[in-house]
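This briefing is meant to be read with the sequence and the model open side by side.

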Amino acid sequence: MLAIRSYKEISENIEKIKKLNTRFVTNFFLNETKINQWIEDESLFTVEKGKVIFIFRKHTDFFYLYYISTDLSELFIELNNLEFPEHLDFVADIVGKADETNQISNGFQSQGFIHHETLKRMFMMKTNTVDEKDLSSEIEFATQADAKPVFDFLTQRLDKYSEQIPSIKEIQFAIDNQTLLISKNNNEIAGLLYFEKIGFTAHLKEWLVNENYRENKIGSKLIKTFFYLCNNCNRFILWVKENNDNAISKYEHYGYKKESLKDTIMVKHN
Amino acid sequence: MEKILSILNSIRPEEDFTTSEDFISDGLLDSFDLISLVSELDENFSISIDGMDINQENFKNLDAIKSLLIKNGAKL
């Protein structure tokens with residue numbers, strides 16, 4: 001595995017594959033800011049196999065696996081030839097519309113990956129704004145001292161393969177950008193909400209209430225503050241487990257609707 | 001421009017691409033959409049966009065996409 005040192009190397013890899021076949025298939029989406037963050041963290045690596053370029057991203061104790069391939073048959077051939085280091089798990093997110101992703105996830109399954117979870121994307125266009133007077137003083141911006149407790153809070157409660165738990169660095173970045181809201185009781189985290197704003201789009205990434213505080217309406221206070229902070233956004237998106245009916249109905253209550261985009265999470269345990 | 005707009009609208013029907021100067025920063029297109037957009041532009045203009053040109057700057061607005069297509073041999 002070779003370390004990726006610049007965004008240019010990613011472009012060169014895409015170019016190599018496109019020269020072989022014009023078209024290409026990939027699950028490596030081009031978010032330059034995020035990719036540059038990963039490069040800075042020295043967590044991106046690449047392996048070239050025939051007509052496929054694999055990209056690995058180290059995340060805590062497992063790797064995300066991405067591919068850039070001329071087509072699916074080449075991808076499955078080279079996936080079979082890929083040597084996976086022992087004692088590490090590999091996670092592949094297959095993102096697309098349902099009919100496009102089924103074939104790919106079946107191919108991964110035939111190469112030893114197992115289906116772990118499926119997420120659906122939900123979205124809403126802005127309908128109304130939240131007034132400052134409706135906000136609760138219990139909700140505040142997280143501070144740098146909260147970074148490690150927030151990381152622990154999330155890792156204890158979320159599924160590490162499917163729920164894209166942010167690293168401590170990402171949490172620190174969110175704190176700097178005031179995109180991490182928290183509610184605390186003494187020193188205990190009662191609930192938190194983590195989001196990203198990209199232009200006029202607000203991405204709700206994590207929204208979690210401590211099971212000991214479920215009766216205190218912390219969740220609703222958090223999301224109200226989130227909507228207030230995103231009053232200038234016109235599009236709101238999030239990913240949710242497709243079978244999590246409780247969460248889906250909660251999001252629908254706030255105006256989110258299901259999209260056709262889904263993320264099938266495949267895991268190879270070594 | 002009409003053809004580019006129609007491709008963009010097929011990817012994100014709910015957005016108005018005529019009023020934004022930066023589709024990425026304004027959140028009209030996200031990282032998932034960029035890959036679909038490259039494929040759609042390749043197919044509709046019978047070209048193969050150079051991999052080195054696939055960066056956010058080249059897809060930021062209608063003029064940037066037009067220049068990218070011309071650079072990659074599209075007949076507009």
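Predicted model: local features only at pLDDT ≥ 70, side-chain atom pairs only at ≥ 80, totals over all residues.

Is Thr26(A) buried or exposed? Thr26(A) counts as buried, because its relative accessibility is 11% and the cut-off for buried is under 20%.

**Thr26(A) and its surroundings**

- Thr26(A) belongs to strand E2 of chain A, which covers residues 25-26.
- The side chain of Thr26(A) reaches the backbone oxygen of Tyr67(A) at 2.6 Å, and a polar atom of that threonine side chain also lies 2.9 Å from the backbone nitrogen of Phe28(A).
- When neighbours within four places in sequence are left aside, the contacts of Thr26(A) are Tyr67(A), Ile68(A) and Ile35(B).

**Aromatic pairs in chain A**

- Over all chains, a search of the whole structure finds 26 aromatic pairs.
- In one of these pairs, the ring centres of Phe45(A) and Phe63(A) are 6.4 Å apart and the planes stand at 70 degrees, so the arrangement is edge-to-face.
- Because Phe45(A) lies in strand E3 (residues 44-49) and Phe63(A) in strand E5 (residues 62-69) of chain A, this pair ties together parts that are 18 residues apart in sequence.
- Both partners are buried, with a relative accessible area of 18% for Phe45(A) and of 5% for Phe63(A).
- The rings of Phe56(A) and Phe90(A) likewise form an edge-to-face pair, because their centres are 5.8 Å apart and their planes are at 75 degrees, where over 60 degrees is the cut-off for that class.
- This second pair links distant parts of the chain, with Phe56(A) in strand E4 (residues 52-59) and Phe90(A) in strand E6 (residues 89-97) of chain A, 34 residues apart.
- Phe56(A) counts as buried at 3% relative accessibility, and Phe90(A) is buried with a relative accessible area of 0%.

**Charged ends over rings**

- In chain A, the charged end of Lys250(A) sits over the ring of Trp207(A), at 5.3 Å from the ring centre.
- In chain B, the charged end of Lys3(B) sits over the ring of Phe45(B), at 4.5 Å from the ring centre.

**The interface of chain A and chain B**

- Chain A brings 26 residues to the contact, and chain B brings 26 residues.
- About 2200 Å² of area is buried between the two chains, and carbon and sulfur atoms give 56% of that area.
- Three salt bridges are counted between chain A and chain B; one of the salt bridges in the structure joins the side chains of Asp30(B) and Arg121(A), with a distance of 2.9 Å from N to O.
- Seven residue pairs are found in polar contact across the interface, counting residues with pLDDT of 80 or more on both sides.
- On the side of chain A that touches chain B, helix H1 (7-21), strand E7 (114-125) and strand E12 (235-241) each supply at least two residues, and the largest share, seven residues, comes from H1(A).

- In helix H2 of chain A (residues 32-40), the buried residues are Lys34(A), Ile35(A), Gln37(A), Trp38(A) and Ile39(A).
- Gly107(A) is part of helix H4 (residues 98-110) of chain A and is buried, with a relative accessible area of 7%.
- Although Gly107(A) and Phe141(A) are 34 residues apart in sequence, their C-alpha atoms are 44 Å apart in space.

**Phe17(B) in a loop of chain B**

- Where is Phe17(B) placed in chain B? Phe17(B) is in the loop between helix H1 (2-11) and helix H2 (31-45), and at 1% relative accessibility this loop residue counts as buried.
- Beyond its neighbours within four places in sequence, Phe17(B) is in contact with residues including Leu5(B), Leu8(B), Phe23(B), Leu28(B) and Leu62(B).
- Phe17(B) and Leu5(B) are 12 residues apart in sequence, and their C-alpha atoms are 7.1 Å apart in space.

Conventions:
Residues numbered from 1 in each chain as written. Chains lettered and ligands numbered in written order. Heavy atoms only, no water. Phe/Tyr/Trp six-rings, centres within 6.5 Å; stacked < 30°, edge-to-face > 60°. Helix = DSSP H or I, 4+ residues; strand = E, 2+ residues; numbered from the N terminus. Buried < 20%, exposed > 50% of the residue type's maximum accessible area, 1.4 Å probe, protein only. Lys NZ or Arg CZ within 6 Å of the ring centre and 35° of its normal. Contact = heavy atoms within 4.5 Å. Buried area = accessible area lost by both parts, 1.4 Å probe. Salt bridge = Lys/Arg side-chain N within 4 Å of Asp/Glu carboxyl O. Polar contact = N/O pair within 3.5 Å; in protein donor to acceptor, adjacent residues only side chain to side chain.
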